[in-house]
Amino acid sequence: MKNVLMLLNSYDTDTHKGIAGASKELGWNLHVGNLATLRSLKKWKGDGIICSLGDSNELVNFVTQANVSTVNLSLSRKEITYPCVTADHVCIGNMAAEHFCNFGHSNFAWFSNVKSPIAQLRLQGFEDKLLK
């Protein structure tokens with residue numbers, strides 16, 4: 001049985017449910033941790049980590065030092081080259097623009113309160129759809 005650690009920078013119920021469901025199907029023993037419990041996981045030994053690497057260097061250091069197969073669920077740390085699984089943010093922006101167009105809107109604005117790769121990709125999708 002594989003021992004897999006789920007470490008999320010910020011907790012998301014749907015992500016947890018999805019990972020837990022996949023773990024059950026695959027016969028994994030799923031351990032769940034977060035930034036608050038990170039220090040208690042120092043002695044954790046396992047086969048893989050599914051994580052959301054955000055702005056926490058402590059989390060990045062832990063994952064790097066674990067030296068196991070890792071999948072990142074976040075776009076916020078592009079300098080870290082683990083395999084990454086995220087939503088199709090260009091498609092999300094595209095769908096948002098399509099929604100407004102379907103309701104007859106013709107004036108548009110884009111706002112994001114943070115500069116992030118996710119916001120940039122959604123803007124790209126939004127603009128792409130409006131330019132078609």
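So, is R39 buried or exposed? R39 counts as exposed, because its relative accessibility is 63%; the cut-offs are under 20% relative accessible area for buried, over 50% for exposed, and partly exposed in between, with a 1.4 Å probe and protein chains only.

Before I go on: this is a predicted model, where local features need pLDDT of at least 70, side-chain atom pairs count only at pLDDT 80 or more, and totals for chains, interfaces and linings use all residues. Residues are numbered from 1 along each chain as its sequence is written, and side-chain values use heavy atoms, with hydrogens and water left out.

Okay, salt bridges. The rule is a side-chain nitrogen of Lys or Arg within 4 Å of a carboxyl oxygen of Asp or Glu, and the count here is 3. R39 pairs with E58, at 3.6 Å from N to O. E58 sits in helix 2 and R39 in the loop between strand 2 (29-34) and strand 3, so this pair ties together parts that are 19 residues apart in sequence. E58 itself is partly exposed, at 31%.

Next, R77 and E79, whose closest N and O atoms are 2.8 Å apart. R77 is buried, with a relative accessible area of 12%, while E79 is exposed at 55%.

Then there's E98 with K129, at 3.9 Å. That one links helix 3 to helix 4, 31 residues apart.

On to the inside. A nonpolar core here means buried Ala, Val, Leu, Ile, Met, Phe, Trp, Tyr and Cys residues joined through side-chain atoms within 4.5 Å. The largest has 14 residues, and L5, W44, I49 and F62 are among those with the most contacts inside it. Strand 1 (3-8), strand 3 (48-52) and helix 2 (57-66) each give two or more residues, and helix 2 gives the most, with 4. Take I49: leaving out residues up to four places away in sequence, I49 touches L5, W44, F62 and V63, among others, where contact means heavy atoms within 4.5 Å. A second, separate core of 5 residues includes V4, M6, I19 and I50.

Last stop, A109. You'll find A109 in the loop between helix 3 (89-102) and helix 4 (117-131). A109 counts as exposed because its relative accessibility is 69%.
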